[in-house]
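Hi,

Here is the structure I promised to pass on.

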Amino acid sequence: MLKCQHLVEKADALVDGTPISRRERFALRLHLIMCRHCRRYVRQLRALLGFLPREETPLDDARTEAILKKLDASRDH
Amino acid sequence: MADTQLEDPRFIEKLRQGDPVAFGQLVKGHHNMLLATARTLLSPADAEEAVQDAWIAAHRAIAKFEGRSLLRTWLTRIVINQAKMMLRKRGREIQFDPTNDPDALAHRFHGDGHWQHPPQHWELSSPENLLTREELRRCMEKHLHFMPDSQRLVLELRDLQGLPADDVCNMLEISASNVRVLLHRARARLFEMVDHFQETGEC
């Protein structure tokens, strides 16, 4: 059977959707059914990644203007 | 504008035609994200300068953008190239060899590969949700700061910007397996940190 350490190394693909072979996915799933520590690891890793501080706010108008102005200035050179 | 609109072919065509309003929308929508990427490698002041230079480069080259990647990927690649130039000026470079940093979780396993120190149960569903605690957020920022540049950058591109793994390999010119290892090391460090915080209440 798959070792826990091996699962932890491979779990990234389960969490971020990286394609892995069906055989590999099956082995990971099977391990997770039987191992609560690894289930906890995967669940908490997902929660952690969902919590990372993402930068999604649009730039405010004044700073957008400032950047566009510098573009114009660079074109004149 | 939402991210999907910024990738819309009609919007991209306007950019290619040199529409200044469209370019303004592009800057507005993506600047902060690009700045966050640059900051994984540079000081805040250098990051601002690198992204400003990247906008100038993007503005010059946008007519030649052929849509073979996401526009977001194309812009990020320009920012990373600007950041690398800035690093060279400062006599630094990014070290992409993942082997020189150990796996933060490796010590939790017995020699036979089973858990010796399994993860703690994290309080995630209560109002006192562990992950929303202010001290933990500060602790995470500190750990992100001390993480190797290459790990922080790959974490940013994959887990925060959500860029496809292939795009990240191409823009960093490293192998898929190196991207995987760097991402795993970065996640392992953060997991270890949160678990330690859950156990001890300390950073």
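**What I found**

Of the 203 residues in chain B, 37% are buried. Keep in mind that this is a predicted model.

Let me start with chain B as a whole. The C-alpha trace of chain B spans about 60 × 40 × 30 Å along its principal axes. Take the contacts in chain B between residues at least 6 apart in sequence: 70% of these join residues at least 24 apart.

Next, two helix pairs in chain B. In general, a packed pair is described by the angle between the two axes and the distance between them.

Which residues meet here? From α4(B) they are B:D46, B:A50, B:V51, B:D53, B:A54, B:A57 and B:A58, and across from them in α5(B) sit B:L75, B:I78, B:V79, B:Q82, B:A83 and B:M86. Sorted by class, the residues of this contact between α4(B) and α5(B) are 10 nonpolar, 1 polar and 2 charged.

The other pair is α6 (residues 134-146) and α9 (residues 176-200) of chain B. Here the axes of α6(B) and α9(B) come within 10 Å, with a crossing of roughly 145°. The crossing of α6(B) and α9(B) is right-handed. On the α6(B) side you'll find B:L136, B:C139, B:M140 and B:H143, which meet B:R189, B:L190, B:M193, B:V194 and B:F197 of α9(B). The contact of α6(B) with α9(B) has 7 nonpolar residues, plus 1 polar and 1 charged.

Finally, the place where the chains touch. How many residues does each chain put into the contact? Chain A brings 30 residues and chain B brings 34. On the side of chain A that touches chain B, α1 (4-16), α3 (36-51) and α4 (61-76) of chain A each supply at least two residues. The biggest share of that side comes from α3(A), with 9 residues. By class, the side of chain A that touches chain B divides into 14 nonpolar, 8 polar and 8 charged residues.

Cheers

Notes:
Residues numbered from 1 in each chain as written. Chains lettered and ligands numbered in written order. Predicted model: local features only at pLDDT ≥ 70, side-chain atom pairs only at ≥ 80, totals over all residues. Contact = placed C-beta atoms within 7 Å. Helix = DSSP H or I, 4+ residues; strand = E, 2+ residues; numbered from the N terminus. Nonpolar A, V, L, I, M, F, W, Y, C, P; charged D, E, K, R; others polar. Axes fitted to C-alpha atoms, helices over the stretch in contact; angles between N-to-C directions. Left-handed = near helix turned anticlockwise from the far one by under 90°. Buried ≥ 20, exposed ≤ 12 C-beta atoms within 10 Å, placed from the backbone.
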